[in-house]
Amino acid sequence: MKKLILVPDSFKGTLSSLEICSVMEKCIHEHDPSAQVVAIPVADGGEGSVDAFLAAMGGEKISVPSKGPYMEDITSFYGLVDNGRTAVIEMAACAGLPLAGGRLEPDKATTYGVGLLMADAAKRGCKRIIIGLGGSATNDLGTGAAAAAGIRFLNSSGTAFVPTGGTLSKIEHIDCSGLLPELREAEIITMCDIDNPLYGETGAAFVFAPQKGADDRMTVFLDEQLRAAAETIRRELNADVSNLPGAGAAGGMGGGMTAFFRSRLQMGIETVLDTVRFEELLQGADMVFSGEGKIDAQSLRGKVVIGVARRAKKAGVPLVAVVGDIADDIESIYEQGVSAVFSINRVAVPFSIAKTRSRRDLRDTFDNILRLMECR
């Protein structure tokens, strides 16, 4: 063991990516105190993404005044990495469901605070801004964030207003001339791991609004609002976000980021690997360890293990996946660069029990893998 790279996703409901890295690194150094370990906790865009990037790259967490889901004053944050050139923002830090408390009204919630964070980072000199989508209380298509960044939304009377999920159909004109120049010049990347369209049966409202407090009637209403706004965006900005994969993420903010900020939607793992300069880290590496809660056919759609494996394969570095569960018919993953897969489930017990012993089982399984490596 010389240089080992750790790039695990979280085991949802059991262990975070940070915790998995900690267990693995401790185990490695028990076997070889001199081993070089590079730990890259994976951020998926939701809560904890800023901390994951800071843990992987170092940097600074910036606290700033902002606005919550209902325009209440809050203190929020974002991360600065890459010597201050890149900002990492969780939309959940301003528009997240936990911030809504008991007030679940997706027709009135706003992403305005997210735009304030973006503006602060741009004014601070960040040339690259990463926006993580996930855990939102909103359904406003990102119009709140756009308004905070200087874009004006005008109603039929020519009056500017800040749209919410329930007033998107009132947008008649969109004036982008006031967009903060620093944001106009920045590269903006949006982390998005779902491919839901903006509206329809698999869109933002029907799939996600009920968990934000919408009943059946409101869900239909919110979907109609998104449809109306998509048509306005098509007319005003010559941009079609209606069927864009990922447009429905975070209450339509995926679509809004592309329409208002010309952002690129990108899988979370690809964003992480690009940001940490993974290809450079692979130089001289002897092994990569990745993992996720369950490896299955969905993993081939770009989830963490396969995203890492494809890059490791190009560099000729073997990758071992340490996972919670292994589905049938996963043989094709080996063609993508996965050398072997190990499950941490050491005994046949229900998940409710397995999750209580997951840390110990991960440690014991990983210990056995390292013992096998020592036999080479």
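Author: A residue is called buried under 20% relative accessible area, exposed over 50%, and partly exposed in between (1.4 Å probe, protein chains only). The model is predicted, so local features need pLDDT of at least 70 and side-chain atom pairs count only at pLDDT 80 or more, while totals for chains, interfaces and linings use all residues. Residues are numbered from 1 along each chain as its sequence is written, and side-chain values use heavy atoms, without hydrogens and water.

S263 counts as buried because its relative accessibility is 8%. Its side chain reaches the backbone oxygen of I188 at 2.9 Å. This is judged as a polar contact: a pair of N or O atoms within 3.5 Å, where within protein one must be able to donate a hydrogen and the other to accept it, and residues adjacent in sequence count only if both atoms are side-chain atoms. Leaving aside residues up to four places away in sequence, S263 touches I188, I189, T190, M257 and T258, where contact means heavy atoms within 4.5 Å.

D82, between β4 (73-81) and β5 (86-90), counts as buried because its relative accessibility is 17%. D329, between β15 (325-326) and β16 (338-343), is exposed because its relative accessible area is 66%.

Terms used. Helix = DSSP H or I, 4+ residues; strand = E, 2+ residues; numbered from the N terminus.
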